[in-house]
Amino acid sequence: MSFGEKILRAADRNGTRTVLALDLEDPDASRLLKRSREVLESVRGLICGVKVNRQLVMALGLSAVKDSIVKLANDFSLPTIMDAKLNDVGHTNGFMARTYFDTGFDAIIASPIAGWENGLDTVFEAANSRKKGVILLTYMSNPGAEAFYSLTANQPDGHGKKVFEILTDLAVEWKAQGVIVGATQPRVISRVRQLAGPNLPIYSPGIGAQGGDPKAALEAGSTYLIVGRSIYNSPDPAKAAMEYKRPIAG
Ligand code: 3DU
């Protein structure tokens, strides 16, 4: 089953569009692992995927992440996404993508700014040969993102296009399995949805802790919400994850 089918199946099964960003921090590795597992177990039926970032990989090491978090997510039939934000030359990107995929991750996040040739070509090769997914950063959720992602760039035909519009077109051309567009910019989500058509999944981080509104993001065209601190820092993560189910329940 492809990454796209896996996440859709989990979303339908659990009635939610929430991807948990499991970014807990703790200088004590065994406590970090225990707490991360507890959060994942408590929300397992309330999410449709798990996104891991450097907080876990750097603190625990890749093999511990594989044997604990990736395995646990697999046991719960939840796909895993490695938020590597790849943005290097081809051989380095390719090495990272193959390593993360062979660790068990179902998808990886990369930056299209690296370009195709000797940039992300190796990442897509690694993904396509393993039926894994590549999700491309198209508009970050932080306030500073606007300065670059909303810039207008002149095209060869003399027309101007915003950077995020160019990146959306690239995601379609390269057959990415999704794009990341911050939930803090519903108007950008609508524009990306308009350009990409109905089938390209839009993943929106920046919900809650960064100020993004889940309902506004979904109404603008987001497919999945990425939520971290508002769930794992809550005294009751399951209750918090339940709240993010509501926007799709109507
Ligand atoms: O703000 P939260 O705690 O809900 O975490 C959001 C996650 O999504 C976090 O892992 C961050 O690295 C990731 N992310 C963004 O927040 C914004 C982006 O534009 C891309 C990824």
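In this predicted model, Met140 sits in the loop that links strand 5 to helix 7. Is Met140 buried, partly exposed or exposed? With a relative accessibility of 25%, Met140 counts as partly exposed, because the buried class stops at under 20% and the exposed class begins at over 50%. Setting aside neighbours within four places in sequence, Met140 touches Lys85, Ala145, Tyr149 and Gly182. Ala29 is another story: 111 residues separate Met140 and Ala29 in sequence, and their C-alpha atoms are 29 Å apart in space.

One of the contacts of Met140, Lys85, deserves a look of its own. Lys85 belongs to strand 3, and its phi is near 45°, which is a positive value in a residue other than glycine. At 29% relative accessibility, Lys85 also counts as partly exposed. A positive phi turns up again at Asn118, where the angle is near 50°, and here too the residue is not a glycine. Asn118 is part of helix 6, which runs over residues 116–130. Its relative accessible area is 47%, so Asn118 is partly exposed.

Pro112 lies in the loop between strand 4 (107–110) and helix 6. Its relative accessible area is 2%, so Pro112 is buried. Beyond its neighbours within four places in sequence, Pro112 is in contact with Leu120, Leu136, Leu137, Leu167 and Trp174. Met82 is 30 residues away from Pro112 along the chain, with 16 Å between the two C-alpha atoms. Arg44, for its part, is found in the loop between helix 2 (29–43) and strand 2 (49–52). With a relative accessible area of 42%, Arg44 is partly exposed. Once neighbours within four places in sequence are left out, the contacts of Arg44 are Asn14, Phe76 and Leu78. For Arg44 and Leu78, which are 34 residues apart along the chain, the C-alpha atoms are separated by 8.0 Å.

Helix 8 covers residues 163–173, and its buried residues are Val163, Phe164, Glu165, Leu167, Thr168, Leu170 and Ala171. They pack against strand 5, helix 7 (146–149), strand 7 (160–162), strand 8 and helix 9. Just past the end of helix 8, Lys175 has a positive phi of about 60°.

In helix 9, residues 186–196, the buried set is made up of Val188, Ile189, Val192, Arg193 and Ala196. Why do these residues end up on the same side of helix 9? They cover an arc of only 140° around the axis, and that puts them on the same side. On the face turned away from the buried side, helix 9 carries the exposed residues Arg187 and Gln194. The buried residues of helix 9 pack against strand 5, helix 8, strand 8, strand 9 (202–204) and helix 10 (214–220). After helix 9 comes Gly197, with a positive phi near 85°.

What about the nonpolar interior? In soluble globular proteins, nonpolar side chains tend to be buried together. Here the largest nonpolar core has 83 residues, and those touching the most other members are Leu40, Val52, Val65, Ile108, Leu136 and Tyr203. Tyr203 shows how this works out in detail. Apart from neighbours within four places in sequence, its contacts include Phe3, Ile7, Val19, Ile81 and Ile135. Tyr203 also touches Gln177, Gly178, Val179, Ile180 and Val181, along with Tyr224 and Ile226.

Finally, there is the open space. Rolling a probe the size of a water molecule over the atoms shows where empty space is left. The largest pocket in the model has a volume of about 440 Å³. Which residues lie nearest its centre? Out of 29 lining residues, these are Asp23, Lys51, Pro205, Gly206 and Gln210. Strand 3 (80–86), strand 5 (133–139), strand 8 (178–181), strand 10 (224–227) and helix 11 (229–232) each supply at least two residues of the lining. Helix 11 gives the most, with 3 residues. By type, the lining of the largest pocket divides into 14 nonpolar, 9 polar and 6 charged residues.

How values were computed:
Residues numbered from 1 in each chain as written. Predicted model: local features only at pLDDT ≥ 70, side-chain atom pairs only at ≥ 80, totals over all residues. Heavy atoms only, no water. 1 Å grid on protein atoms, 1.4 Å probe; cavity = no way out; pocket = protein on both sides within 12 Å on 5 of 7 lines; lining within 4 Å. Points joined across faces, edges and corners; volume = space filled by probe spheres on them. Helix = DSSP H or I, 4+ residues; strand = E, 2+ residues; numbered from the N terminus. Nonpolar A, V, L, I, M, F, W, Y, C, P; charged D, E, K, R; others polar. Buried < 20%, exposed > 50% of the residue type's maximum accessible area, 1.4 Å probe, protein only. Arc of directions from axis to C-beta. Contact = heavy atoms within 4.5 Å. Core = buried A, V, L, I, M, F, W, Y, C linked by side-chain atoms within 4.5 Å.
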